[in-house]
Protein chains: 2
Amino acid sequence: MTTSAASETAVVTTPSDREIRVERIFAAPREVVWRAMTDPAIVAQWWGRGNKLVIERDEVERGGHWRYVEHSPEGVHGFEGRYREVVPPERVVRTFEWDGMPGHVAVETATLEALDGGRTRLVSVSLFHTTMERDGMLHSGMEGGMNQSFAALDRVLATMA
Amino acid sequence: MTTSAASETAVVTTPSDREIRVERIFAAPREVVWRAMTDPAIVAQWWGRGNKLVIERDEVERGGHWRYVEHSPEGVHGFEGRYREVVPPERVVRTFEWDGMPGHVAVETATLEALDGGRTRLVSVSLFHTTMERDGMLHSGMEGGMNQSFAALDRVLATMA
């Protein structure tokens with residue numbers, strides 16, 4: 001294992017039969033990671049993994065809505081939800097729904113922890129209504145896509161430091 | 001027990017620790033009840049229990065969004081969600097969220113069954129992410145409000161028959 005940020009892979013676990021937990025360390029201070037994850041102009045640079053991302057809405061506050069549309073070679077994919085809780089720079093709780101399975105809603109609780117060396121640990125726990133929905137997400141290729149997004153985030157963070 | 005529609009009370013049960021089940025019989029044929037529950041112009045006449053209801057969106061199809069805003073003497077309350085499944089005249093699955101608890105989402109599965117005598121049975125099962133959210137809904141006064149809405153729906157159905 002190297003300490004190069006580019007080699008980081010998210011650790012994905014299933015703490016219960018309706019949850020997915022993701023843990024990933026970023027080589028940037030918490031305030032910088034927070035900004036990269038909540039400023040729509042910066043989110044647009046990494047969330048789509050290199051694909052064009054149109055952020056139609058992103059009201060980062062309790063009750064606010066978000067909607068991202070990714071334009072990939074395979075097609076157009078919309079994602080949306082609503083913010084339940086926003087506590088800078090440490091915690092965001094929001095719902096997540098993909099247009100391809102409308103009305104199937106997960107609740108994502110993302111927590112940022114400041115580590116020594118100016119690094120930050122992200123822990124994101126997604127809770128689904130059913131185990132079937134959770135398993136559908138696990139088998140959707142989300143892990144590969146997420147690691148691509150996080151690698152793109154690494155590159156954006158390097159320019160912000 | 002009388003057979004007067006005005007005396008009907010919904011039967012509310014909790015089939016699991018994350019669900020609320022509501023059963024209610026209406027004195028109108030299934031196609032009429034379906035229309036009263038899915039035509040926004042008619043929904044506006046009963047859903048608000050006599051309060052003004054502004055239907056900002058109601059796209060009754062898979063993936064469509066809905067948003068109702070009730071203007072009551074106590075204040076303005078917004079409700080919204082997204083349609084997962086629409087099968088006329090028997091089944092609607094949609095999400096339900098109240099602005100007062102944004103990001104807390106229940107999935108409502110409403111089924112209409114045609115009964116003899118031109119009557120219809122509605123069974124609606126709401127699934128929550130947690131027991132706490134389910135209990136919060138149970139203790140919110142939803143049962144009284146719902147019975148008021150259903151009584152208003154009875155009156156609307158009588159004019160449609």
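Across the interface of chain A and chain B of this predicted model, 23 residue pairs are in polar contact, both residues being at pLDDT 80 or more; a polar contact is a pair of N or O atoms within 3.5 Å, in which, within protein, one must be able to donate a hydrogen and the other to accept it, and residues adjacent in sequence count only if both atoms are side-chain atoms. Strands S5 (75-87), S6 (91-98) and S7 (106-115) of chain A are the elements that give two or more residues to the side of chain A that touches chain B (strands are DSSP E runs of at least two residues, numbered from the N terminus). S5(A) provides the largest share of that side, four residues.

Eight salt bridges are counted between chain A and chain B (a side-chain nitrogen of Lys or Arg within 4 Å of a carboxyl oxygen of Asp or Glu). Among them is the pair B:Arg82 and A:Glu97, with the closest N and O atoms 3.4 Å apart.

In total, 24 residues of chain A are in contact with 24 residues of chain B (heavy atoms within 4.5 Å). Of the interface residues of chain A, 100% are also interface residues in chain B, so the copies meet through the same surface.

Residues are numbered from 1 along each chain as its sequence is written, and chains are lettered from A in the order in which they are written. Local features need pLDDT of at least 70, side-chain atom pairs count only at pLDDT 80 or more, and totals for chains, interfaces and linings use all residues, while side-chain values use heavy atoms, with hydrogens and water left out.
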